[in-house]
Amino acid sequence: MSKLLNSIAGWGVNIAIAMTALRTNLMRSILTTLGVMIGVFSVILAVAVGNGAQVSVTQQIATLGSNMAIVVPQPDSGSGPPRSTDRGRLTERDGRAILRQVSGVSAVAPQIRSSVQLVTPGRSATTQATGATPEYGIVSNVAASEGRFLTDGDVGAAARVVVIGQTVADKLFADANPVGETVRINRVPFKVIGLLESKGSNLGNDNDDQIVVPITTLRQRLQTTAMQGPDDVTLLFVGFEDEDSLLTGQREIKRMLRDRYRVPKGRISPFTVRTTTEIAETTGQVTQIFQAVLVAIASISLLVGGIGIMNIMLVSVTERTREIGLRMALGAKRSDIRNQFLVEAAVLCVIGGAIGLTLAILAAAIFQQVADFPAPVGLDTALMSVAFSAIIGIVFGGYPAIRASRLSPIEALRSE
Amino acid sequence: MTAPLLETHDLVKDYVIGGEVLHAVNGVSLTIKRGEFVAIMGASGSGKSTFMNMIGCLDIPTSGTLLLDGIDTKTLDSDALAEIRNRKIGFVFQQFNLLARTSALDNVAVPLIYAGLGYTERRERAQAKLEAMGLGNRLQNTPAKLSGGQQQRVAIARALVTDPLMLLADEPTGALDTQTSLDIMGIFQKLNDEGITLIVVTHEPDIAEYAERRIVFRDGRIIEDAAVKSRRRAVAG
Ligand SMILES: Nc1ncnc2c1ncn2[C@@H]1O[C@H](COP(=O)(O)OP(=O)(O)OP(=O)(O)O)[C@@H](O)[C@H]1O
Ligand SMILES: [Mg+2]
């Protein structure tokens with residue numbers, strides 16, 4: 001017990017000696033600390049941005065809706081979200097067949113997507129229009145926060161009604177309530193019947209920058225690219241009752257579409273059926289790689305900072321060889337000398353780490369405000385960075401410290 | 001009677017310079033008893049410092065035996081040697097060797113750090129030794145704000161702070177003027193009267209006369225070892 005207390009007191013003394021040494025070479029200490037500070041700063045910021053990307057992706061996936069499969073008429077591109085080029089054919093009839101024949105399907109939402117221009121007196125906006133049915137609201141978790149969403153009646157009558165996203169509303173109506181107003185979409189007048197619930201933005205993708213119109217109306221009045229048949233859609237959202245039926249359903253849909261379009265055996269299917277779980281996984285992997293690359297780059301600056309520490313410690317040992325000799329003459333053991341320099345390096349690193357951490361937290365907060373991008377600095381990141389900088393100190397201060405402790409007392413004392 | 005404080009048998013230290021062996025200390029056998037006050041003299045390069053460094057456990061002999069307080073130093077590892085330097089030996093250097101930008105009090109307390117003492121006890125003991133050296137009003141002065149004589153007295157306080165058995169001083173008055181040198185020798189005599197063993201290297205014959213035994217080195221050997229006949233007493237300062 002008293003031995004333990006003694007050793008704690010011993011470290012206290014080492015810290016005191018280290019602080020004195022650092023204070024006597026204040027400018028040099030600050031410059032050395034700067035290296036570690038920048039290193040820790042960039043590592044933490046990289047981790048925070050990476051975490052933010054993960055959070056963003058998770059949110060993005062959540063906005064898609066869970067237990068959902070997306071069917072696009074395009075060969076499977078392997079990984080990543082489905083591309084929308086090289087479009088084949090997919091029809092509302094396919095959607096109805098899926099609803100009827102695949103077990104566990106709760107709803108199918110056929111959609112046509114098209115880029116449109118909206119005009120109100122004095123203002124205009126370009127956005128993406130989704131031609132949809134009321135099922136779109138159910139499957140992908142979309143609802144109106146003001147007014148109402150589409151109904152079967154709207155679709156049946158090919159009514160010129162539109163539900164607009166918050167961003168579009170801001171552009172066209174500023175602060176005024178858009179519900180009940182008229183907007184011209186590709187020159188055709190539409191009545192605004194609702195405002196979409198805001199879903200914010202993720203990774204620079206604004207989920208509120210869109211409008212929804214009845215699929216029939218879009219087909220008749222707004223479609224710019226010609227489809228091959230009157231029943232064709234851009235994609236289908238298929239909602240499932242639960243995760244198990246999603247997994248089996250994905251396979252069933254694939255098989256069914258092959259049958260319906262008579263795709264010969266051995267030929268690649270022109271359809272991709274991707275579940276939200278899969279999208280979450282692949283996107284998650286991408287962001288993880290993104291984060292790893294960021295952290296790797298930032299670690300290089302931490303490494304450079306560590307080498308700076310080693311350099312300064314070597315200089316410090318050389319400069320203070322005589323002091324080391326004196327301390328040995330006065331009874332310092334090798335371990336005392338080693339610990340003195342280790343503590344000195346660790347103190348430099350921990351101070352640098354603490355400042356770097358503080359600046360990183362500030363920068364992350366500013367980033368969050370300015371770029372509207374989450375960059376959370378967690379407690380784990382904070383602890384990790386402090387531990388990291390202490391380890392840097394011990395690793396890079398270790399060699400100079402051991403070198404100092406190996407000096408022969410008399411040679412150290414005689415050095416100039 | 002216990003073992004003598006210091007015993008050397010055929011102590012040798014060789015340096016190899018450019019392929020040639022130089023016998024800096026060339027077979028020194030010597031016994032120093034507790035409470036002795038020894039002056040070591042000799043021409044420059046005769047091996048005095050080399051001998052002092054070996055008996056102070058700062059340097060390792062090439063061959064021969066060194067018994068300190070009855071212990072053969074060959075059997076000791078570097079930690080044990082560090083402990084001997086800390087507990088049994090006090091060093092006083094020609095150039096004082098105080099830590100710059102460090103107060104007198106903190107300088108004197110350094111050996112106590114390595115003795116494992118707590119903060120308060122370190123300060124109390126260091127302060128007591130400085131007061132005994134007449135520096136009670138200079139505790140917070142850094143070396144730059146002390147005269148040469150005062151610096152050397154701080155160094156003596158530091159050498160004494162762990163209550164060692166012997167004090168080794170290699171030309172302690174080499175950097176001081178005559179009067180200050182005499183003051184320092186007075187302090188040494190007083191310490192010797194209190195029982196501490198002293199070994200002092202000096203070039204000046206009249207300084208050597210403050211000791212009770214005089215040893216002369218030449219070419220790494222002892223050529224003369226005798227009691228000081230007309231010993232001088234300083235007015236204790
Ligand atoms: N580290 C060393 N390497 C090589 N030779 C050395 C070393 N230290 C001392 N010597 C040589 O050993 C001899 C004895 O040196 P030492 O310093 O012991 O002499 P000294 O009697 O103390 O001289 P001075 O009165 O000038 O201090 C000298 O010839 C010196 O050049
Ligand atoms: Mg000498």
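This is a predicted model: local features need pLDDT of at least 70, side-chain atom pairs count only at pLDDT 80 or more; totals for chains, interfaces and linings use all residues.
Helices (H or I, at least four residues) and strands (E, at least two) are DSSP runs, numbered from the N terminus.

## Polar contacts of the ligand

Oxygen atoms of ligand 1 take part in polar contacts, that is, pairs of N or O atoms within 3.5 Å. A polar side-chain atom of B:Ser44 lies 2.5 Å from a ligand oxygen, and one of B:His203 lies 3.1 Å from a ligand oxygen. For B:Ser46, a backbone N or O atom lies 3.3 Å from an oxygen of the ligand. Taken alone, ligand 1 exposes 630 Å², and the protein buries 68% of that (Shrake-Rupley method, 1.4 Å probe).

## Cavities

A search of the whole structure finds 2 cavities of 30 Å³ or more. On a 1 Å grid over the protein atoms alone, a cavity is a set of points where a 1.4 Å probe fits but cannot get out, and lining residues have an atom within 4 Å of a point. A volume is the space filled by probe spheres set on the points.

The largest cavity has a volume of about 60 Å³, and its lining includes A:Ala21, A:Arg28 and A:Glu344. The largest share of this lining, 3 residues, comes from H2(A). The second largest cavity has a volume of about 50 Å³. Among the residues that line the second largest cavity are A:Ala329, A:Leu330, B:Arg85 and B:Phe91, and S6(B) provides the largest share, 3 residues.

## Basis of the model

Residues are numbered from 1 along each chain as its sequence is written, while chains are lettered from A and ligands numbered from 1 in the order in which they are written. Local features need pLDDT of at least 70, side-chain atom pairs count only at pLDDT 80 or more, and totals for chains, interfaces and linings use all residues, while side-chain values use heavy atoms, with hydrogens and water left out.

Terms used. A polar contact is a pair of N or O atoms within 3.5 Å; within protein, one must be able to donate a hydrogen and the other to accept it, and residues adjacent in sequence count only if both atoms are side-chain atoms. On a 1 Å grid over the protein atoms alone, a cavity is a set of points where a 1.4 Å probe fits but cannot get out, and a pocket is an open set with protein on both sides within 12 Å along at least five of seven lines; lining residues have an atom within 4 Å of a point.
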